[in-house]
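Work through the exercises below with the model open. Try each task before you read its solution.

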Amino acid sequence: MSLLARSYDRLMYGMAWCAGFLMAAMMISICVDVVLRNLGFQSSAHLFTFTEYALLIMPCLGAPWLVRERGHVYVEIVLMHLSAANRHRMGIVIGVFCITVCAVLAWYGFDVTWTNYTRRDVDVRSMDMPRWMIVIFIPLSFAMMAFEFLRHMLRGTSVLGDMASAVALKPSDPIDDVSADETLPAPAYVKPAPVKPASVKPATGGAVTSAGSGGRSTGDGT
Amino acid sequence: MSLEWYWAAAVLFGISIVFMMMGIPVAIAFCAGNIMGAVLFMGGTNGIIQTINNGFGSMTTFALVPIPMFLLMGELFYHTGLATRCFNAADKLLGNIPGRLSYVTLIGGTAFAGPAGSSMGACALLGSLMVPEMAKRGYNKYLSIGPIMGVGGLAVIIPPSALTVLLATLGQTDVGDLLIAGIIPGFVLAVMYGVLIWAWTKWDPSAAPQYDAPPVGRDEKIRLIFVDVVPMVGVIAFSVLIMLTGWATPTEAAALGALSVVVLAACYRTMTWAAWVKSLEGALRITVMSFLIIFGSATFANMLAFTGASSGLMNWALSFDLAPIGMVLVMIGIILFLGCFMDQLSMMLLTAPIFFPLAKTLGFDLTWFGLIMLLALEVGYTTPPFGLLLFVMKGVAPPDTTMKDIYLAAMPFIACVLILIGVIMVFPPIATWLPKMSH
């Protein structure tokens, strides 16, 4: 069993690594394309297609990892007003809900993939790509997301990241998670200043919208 | 299933909003809303299949490439310490001018938040970094917290900004134009903020007490400018300029921008493997979330059109016979309201499919409108009583800061953005001139 679990973990983290690799590859290939074009070479249309497919594959590969990391943004305004017990119950409802949504999309995603496979559908861009080869990443991703949500629930961890409002409501409590700030050398004048842990919470989300751990910015932003 | 358009609209918007309010992760809430809408309005389970097919189409869109690239650029700036270099240099270069830390916050914040267009992260970071320092120096709360709240408005419109790319894509308008359109208003806003801080320190010198900053010699200043400022600003200016001159598309500008940060960081010997992995990780986080939302966006827009909800809402809005500008004001009002509950991605997804066609019907330039919408999205974030950024600030500010302090601190900076929106409305070329010139 532990071998299975380890293999699964390797797969999931491997997928996230691949997603990161795709992002880097996207950056480099576009730059190479610009250089080649300016050197008078004809740029390849396949590059364009590769990039478009990467746009779908990259988030699909990274999504299960984001669930594991509890990095999804969520609206906290109602949760923060619930008692701890009710918040826990709500957490279970949310977990079950997320599993259901992901499972439904995974199920119908496989359906679409299978249909594409049996009908030999092709996605016509710069080349004829068997459509199922790309579409399959969608159900794969949602299935693994469903599993990750389930895993959090079975282990008794919340599917949601820590609420930033915990800091807003109890500013004196120490916060352990200062990971994001560790990478940031503070300006010289800040160094001697005793910065209280509570004020260094790298809130990846606000009191009302929150994402779990790490990271500097949230999906406002992407 | 046929329904009156208003029921369809209520169901489509209502489901997603209720799910989001429950605390379900935003991206999943949208997927769920779309599945339910699709089952109701698009022929049962066929609707779900349609959702997946639409998702495939809308995610594999080349115009979205700048999103991960700008995010990567921003994360690289941050994790390689280049943004911090800029920040420290600005701090030293400003010398002893009154309110220097407020200016440092503005400059640093724009450097941190720029590429990602993420004001939340910047707000949290600056809040924890600058507010304690400013408190120690005797700055009053308004002058220490205010600029941090204002930074987001700058970050979101000055290119490069991933959020701008997303809005342009959702509104089906030109990505490059909208990015370029933010340049002049961005500078105007920066000047307005600068004047605001200057006037404040003139009017009430005790708000930002002078203190003896460590003296920096002339040689050191020159070194700082050429070593720590020019290269960083140069990279950003480079990616904007190649886009502005039409030498590269926004996609290429974004990729080249990200690569040039890598090269620059390598020159400073800060391009470590750890920084690279952290940057990819950070960029991937936001990319995944943005794209999960984009996954449902086409279906959402389709359903709004298909059920007659978009046209119904538009006709209803037009039936009030408001002047076009009045209509824009109403739209801004709606965004300000939504900003109390939602993050910017969600606000965009809900409003863009209705607002952009409406603006088009009213005969507005979509680039102009997009820019106003971006600014409104940012103001919505900081508007009392519930703007999200206010709570982030509350979370990171020193314990004795009250919500009222934060409201009052945010007010003047919100006013600047609102004035800018007004100026852009009255004088559209401020937004539209540069994109036209670049064509």
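**Exercise 1.** Find which residue lies over the face of Phe56(B), and at what distance from the ring centre.

*Solution.* Start from the rule: a charge sits over a ring if NZ of Lys or CZ of Arg is within 6 Å of the ring centre and within 35 degrees of the ring normal. Arg131(A) lies over the face of Phe56(B). The distance to the ring centre is 4.4 Å.

This is a predicted model: local features need pLDDT of at least 70, side-chain atom pairs count only at pLDDT 80 or more, and totals for chains, interfaces and linings use all residues. Side-chain values use heavy atoms, without hydrogens and water, residues are numbered from 1 along each chain as its sequence is written, and chains are lettered from A and ligands numbered from 1 in the order in which they are written.

**Exercise 2.** Work out how α1(A) runs relative to α2(A).

*Solution.* Locate the helices: α1 covers residues 2-38 of chain A, and α2 covers residues 45-68 of chain A. Their axes come within 8 Å and cross at roughly 150°. Angles over 145 degrees count as roughly antiparallel, so α1(A) is roughly antiparallel to α2(A). Now sort the residues of this contact: 22 are nonpolar, three polar and three charged. Here Ala, Val, Leu, Ile, Met, Phe, Trp, Tyr, Cys and Pro count as nonpolar, Asp, Glu, Lys and Arg as charged, and the others, Gly among them, as polar.

**Exercise 3.** Say which element of chain B has the lowest mean pLDDT.

*Solution.* pLDDT is the predictor's confidence in each residue, from 0 to 100. Chain B has a mean of 84, and 96% of its residues reach 70 or more. Among its elements, helix α7 (residues 119-136) of chain B is lowest, at 75. Helix α13 (residues 250-267) of chain B is highest, at 91. For the complex, the predictor gives an ipTM of 0.82 and a pTM of 0.82.

Conventions. Axes fitted to C-alpha atoms, helices over the stretch in contact; angles between N-to-C directions. Helix = DSSP H or I, 4+ residues; strand = E, 2+ residues; numbered from the N terminus. Parallel < 35°, antiparallel > 145°, perpendicular 65-115°, else oblique.
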